[in-house]
Amino acid sequence: MYFKGTGALALLWACMLPAQQAWADTAAPVVASAVGADLRFAEFFKLPIGPRGLEPSAKLLALDGSSVRMLGYMARQDGETAVPGLFILAPVPVTLGDEDESFADDLPASVLYVHLNAAEHQGYVQHMAGLLAVRGRLELGAQAEVDGRISFVRLLLDGEPVRVDALPVAAAPASPSTH
């Protein structure tokens with residue numbers, strides 16, 4: 001008897017998950033402050049992933065063109081994969097190289113192409129280890145990048161990336177979530 005009741009409850013819960021996700025995507029309006037809304041990598045796509053594959057979340061779409069703040073790790077790129085004026089921010093530390101994997105590399109689906117101000121940065125970006133905080137204007141849509149990849153989520157950087165351990169404790173934003 002116990003297992004039958006538990007199975008029915010589990011089935012009911014499973015049927016409610018899509019409705020709960022739809023409510024979560026629309027229930028909380030995006031509130032942007034003067035310094036920008038916080039955006040996490042886990043908020044890039046709708047969850048659970050459906051039959052149509054990865055779909056942008058309502059929050060990501062609502063923030064298009066807005067100022068956002070994000071935390072992540074700068075992807076380490078070797079000399080052949082690095083391009084001037086941009087770097088890739090990922091939810092986990094990754095290293096990119098073209099020796100044997102080319103575009104089948106270790107980049108997760110949710111990455112952010114960070115474009116630097118062309119007037120201020122002409123050269124290559126020096127890799128910064130550790131957790132970084134970035135702020136800028138969010139852009140969405142498929143775009144061919146100089147490195148040959150197609151980006152969907154980009155940030156036009158305001159200022160410089162800052163290592164989180166260099167921020168005062170009260171100013172440090174919430175840590176990135178990859179779940």
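Predicted model: local features only at pLDDT ≥ 70, side-chain atom pairs only at ≥ 80, totals over all residues.
The chain holds 2 helices and 9 strands, where helices (H or I, at least four residues) and strands (E, at least two) are DSSP runs numbered from the N terminus. Read from the N terminus, the order of elements is α-β-α-β-β-β-β-β-β-β-β. Of the 179 residues, 32% count as buried, that is, under 20% relative accessible area, with exposed meaning over 50% and partly exposed in between (1.4 Å probe, protein chains only). Among contacts (heavy atoms within 4.5 Å) between residues at least 6 apart in sequence, 63% join residues at least 24 apart.

Strand β2 (residues 67–74) takes part in several pairings, two strands being paired if DSSP finds at least two bridges between them. With β1 (residues 37–38), β2 pairs in the parallel sense over 2 bridges, and here A37 stands opposite V68. With β7 (residues 131–144), the sense is antiparallel and there are 7 bridges; G72 has L132 as its bridge partner in β7. The pairing of β2 with β4 (residues 86–90) is also antiparallel, over 2 bridges.

Next comes strand β3 (residues 76–77), which contains Q77. Q77 counts as buried because its relative accessibility is 18%. Beyond its neighbours within four places in sequence, Q77 is in contact with A82, I88 and L96.

Turning to the aromatic rings, a search of the whole structure finds 2 aromatic pairs. Rings of Phe, Tyr and Trp (its six-membered ring) pair if their centres lie within 6.5 Å; planes under 30 degrees apart count as stacked, over 60 as edge-to-face and the rest as tilted. F41 and F44 form a tilted pair, at 5.4 Å centre to centre with 50° between the planes. F44 and F45 form an edge-to-face pair, at 6.3 Å and 80°. Together, F41, F44 and F45 make one aromatic cluster. F41 is buried at 3% relative accessible area, F44 at 0% and F45 at 18%.

Note on methods:
Residues numbered from 1 in each chain as written. Heavy atoms only, no water.
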